[in-house]
Amino acid sequence: MELMSFWMMIGFLLAAYSVVANDSVQTLGTWIASNNERIDWKILWFASSSVLLWAIWYGWYIHNGDISYDRLHKIPFQEIQWYHAIAPAILLVLTRIGIPVSTSFLVLSAFASTFVLEKMLMKSIMGYAVAAVSAYAIWHIISRIMDEDRSLSGHWSVNYWRAGQWLTTGLLWWTWLCHDMSNIAVFLPRQIPVDMMIVVSVVFVTLLGWMFKEKGGNIQKIVLEKKNTRYIRSATMIDIVYLIILFAFKELNNIPMSTTWVFVGLLSGRELAIASVYNTKMKQVFPMVTRDFMKMMIGLLSSIGIVLLIHYIIIPNNL
């Protein structure tokens, strides 16, 4: 095996594991939390894998072998070197200790120019702000007209909520894949041959199965500590709002962005709205919101460090 092929494989495997373990919980976390006690994880794995395979093969077909949905248009393919694997290796460590960092910044920073990274950062900041403000406004209304603490067990509407959750989760999962597949595809040729696509599919499905068997892993704690995320109504409404925001930014342009920032912004705005409606002491909410924000900053600072390392020390002429 040639050295380039070796580092391509290492980078792809590290990125695939880290993205599935870190970022996929954004879209599947509430679904796992509200279903894992009544539905076998293998069924959840099969359902999500079906959407995953459709998303990557459909993208591969309509974009002439490119599974990134053309989000790497401004990041041309490069020969994968050892320093490109630094980013997913760092992401792997942060994922294992439960820090929800932005894979878009951390992984793509090893490939993108500072100009593209600036565009990504501005789009992600906008996404965080839009998600936080929207969630605060929406849950300020929802919390006044609906008691999310009330169980739907035995209620006539529970099956409708469950069907709605599965539908919105599937749409959200597909939309998220269109955004974040670029974080993995950046290690692969822009025109992937069929045999490599089969290998990629097997790796994705296998890692997704591991994630479901672990019930989301350490990152799932970010979802579980938020109010009522185990309840089907709350999980469904979070998914709907997240879906609308991600879809809007997906259609805005093909610049990659941090979906992690959007998700954290949504949960933060929701928590603050619920706390204000129920007169919960903000000192109980602000530490959690601040902690999540600081974890995002860890990923951003790591990304800046990688950019400086690669562009100014390892290959200073590649600016």
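Modeller: Let us start with polar contacts: a polar contact is a pair of N or O atoms within 3.5 Å; within protein, one must be able to donate a hydrogen and the other to accept it, and residues adjacent in sequence count only if both atoms are side-chain atoms. The model is predicted, so local features need pLDDT of at least 70 and side-chain atom pairs count only at pLDDT 80 or more, while totals for chains, interfaces and linings use all residues. Residues are numbered from 1 along each chain as its sequence is written, and side-chain values use heavy atoms, with hydrogens and water left out.

Biologist: Which residue caps the N-terminal end of α3?

Modeller: D40 does, with a side-chain oxygen 2.8 Å from the backbone nitrogen of K42. Helices (H or I, at least four residues) and strands (E, at least two) are DSSP runs, numbered from the N terminus.

Biologist: And what follows α3?

Modeller: N64 follows α3, and its phi is positive, near 55 degrees.

Biologist: How many residues does α3 have, and how far does it reach?

Modeller: Helix α3 covers residues 41–62, which is 22 residues, and reaches 32 Å from its first C-alpha to its last. That is close to the 32 Å expected at 1.5 Å a residue, where the expected span is 1.5 Å times one less than the number of residues.

Biologist: Which residues of α3 are buried?

Modeller: L44, S48, S49, L52, A55, I56, G59 and W60 are buried. Buried means under 20% relative accessible area, exposed over 50%, and partly exposed in between (1.4 Å probe, protein chains only). Seen down the axis of α3, the buried residues fall within an arc of 130 degrees, so they line one face of the helix; the arc is that of the directions from the helix axis to the C-beta atoms.

Biologist: What covers them, and what does the face turned away carry?

Modeller: The cover includes α2 (24–35), α7 (158–180) and α9 (194–213). The face turned away from the buried side carries the exposed residues F46, W54 and Y61.

Biologist: Changing topic, is S258 buried or exposed?

Modeller: S258 is buried, with a relative accessible area of 0%. It lies in the loop between α11 (232–252) and α12 (259–277).

Biologist: What does S258 touch?

Modeller: Leaving aside residues up to four places away in sequence, S258 touches S102, S104, F105 and S124; contact means heavy atoms within 4.5 Å. A polar atom of the S258 side chain also lies 3.1 Å from the backbone nitrogen of W261.
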